[in-house]
Amino acid sequence: FNRFGDFFDREPLLTPARRTEWLPAVDIKESEEAFTFRMDVPGMKPEDLDVELHDGVLSIRGSREEEKREEDKGYVRVERRQGSFARQFRVPTSSKAENLEAKVADGVLTIEVPKASDPGVRKVTVS
């Protein structure tokens, strides 16, 4: 059985460098009023996350601490990613940064980026 456990330790996905970085999955939806980002962040609390909108770039950062585990307690494989992540997405620079909303519920981070109406567009009747 010890050789069985050694097999999993040699997998390239489980190298220490890969355990410290991860990228949560994101769905992006556009409506007439806003862009909605939904990101899987299981086990994370609001204080573990940082959301910022600056010059048309939405930055999302977070960190998930590795749980303490004793190697002799029967672990043969560890796949849940720990450590920090950072993701960035471009949104229109006219997006209303002051109305940005972010919340975490049931392991999902939801971010609403409201769209601004374009004040530079005006339709006139040709006479």
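# Close-up views of the model

**View 1. Aspartate 55, with a relative accessible area of 60%, is exposed.** Exposed means over 50% relative accessible area, buried means under 20%, and partly exposed lies in between, with a 1.4 Å probe and protein chains only. The structure is a predicted model in which local features need pLDDT of at least 70 and side-chain atom pairs count only at pLDDT 80 or more, while totals for chains, interfaces and linings use all residues. Residues are numbered from 1 along each chain as its sequence is written, and side-chain values use heavy atoms, with hydrogens and water left out. Aspartate 55 is placed in the loop between E3 and E4. Helices (H or I, at least four residues) and strands (E, at least two) are DSSP runs, numbered from the N terminus. The phi of aspartate 55 is near 50°, which is positive in a residue other than glycine. Most residues other than glycine have a negative phi.

**View 2. Aspartate 106 lies in the loop between E6 and E7.** Aspartate 106 is not a glycine, yet has a positive phi of about 55°. Its relative accessible area is 82%, so aspartate 106 counts as exposed. Alanine 105 stands opposite valine 108 in E7.

**View 3. An open sheet is formed by 4 strands in the order E1-E2-E7-E6.** Two strands pair if DSSP finds at least two bridges between them. The pairing in this sheet is antiparallel. Strand E1 (26–30) and strand E6 (101–105) are the edge strands, and each pairs on one side only. From one strand to the next, the twist averages 15°. For such angles, axes are lines fitted to C-alpha atoms (for helices over the stretch in contact), and the angles run from 0 to 180 degrees between N-to-C directions. Counting the whole protein, the secondary structure comes to 2 helices and 7 strands. Read from the N terminus on, the elements run α-α-β-β-β-β-β-β-β.

**View 4. The largest nonpolar core has 17 residues.** A nonpolar core is a set of buried Ala, Val, Leu, Ile, Met, Phe, Trp, Tyr and Cys residues joined through side-chain atoms within 4.5 Å. The members that touch the most other members are Phe37, Ile60, Phe85 and Val113. At least two residues of this core come from each of strand E2 (34–40), strand E3 (49–54), strand E4 (57–64), strand E5 (83–90) and E7. What does phenylalanine 85 touch, not counting residues up to four places away in sequence? Its partners include Trp22, Pro24, Met39, Leu49 and Ile60; a contact means heavy atoms within 4.5 Å. In the protein as a whole, buried residues make up 31% of the 127 residues.

**View 5. Serine 95 is found in the loop between E5 and E6.** Is serine 95 buried or exposed? Serine 95 is buried, because its relative accessible area is 10%. Apart from neighbours within four places in sequence, serine 95 is in contact with Leu53, Val113, Pro114 and Ala116. Serine 95 and valine 113 are 18 residues apart in sequence, and their C-alpha atoms are 6.6 Å apart in space. Among contacts in the protein between residues at least 6 apart in sequence, 59% join residues at least 24 apart.

**View 6. Glutamate 30 forms a salt bridge with lysine 115.** A salt bridge is a side-chain nitrogen of Lys or Arg within 4 Å of a carboxyl oxygen of Asp or Glu. Side chains of opposite charge can pair when their charged atoms come close. Between glutamate 30 and lysine 115, the closest N and O atoms are 2.6 Å apart. Glutamate 30 lies in strand E1 and lysine 115 in the segment after E7, so the pair ties together parts that are 85 residues apart in sequence. Glutamate 30 is exposed at 53% relative accessibility, whereas lysine 115 is partly exposed at 23%.

**View 7. Arginine 61 forms a salt bridge with aspartate 50.** The structure holds 2 salt bridges. In the pair of arginine 61 and aspartate 50, the closest N and O atoms are 3.7 Å apart. Because arginine 61 lies in strand E4 and aspartate 50 in strand E3, the pair ties together parts that are 11 residues apart in sequence. Arginine 61 is partly exposed, with a relative accessible area of 34%. Aspartate 50 also counts as partly exposed, at 36% relative accessibility.
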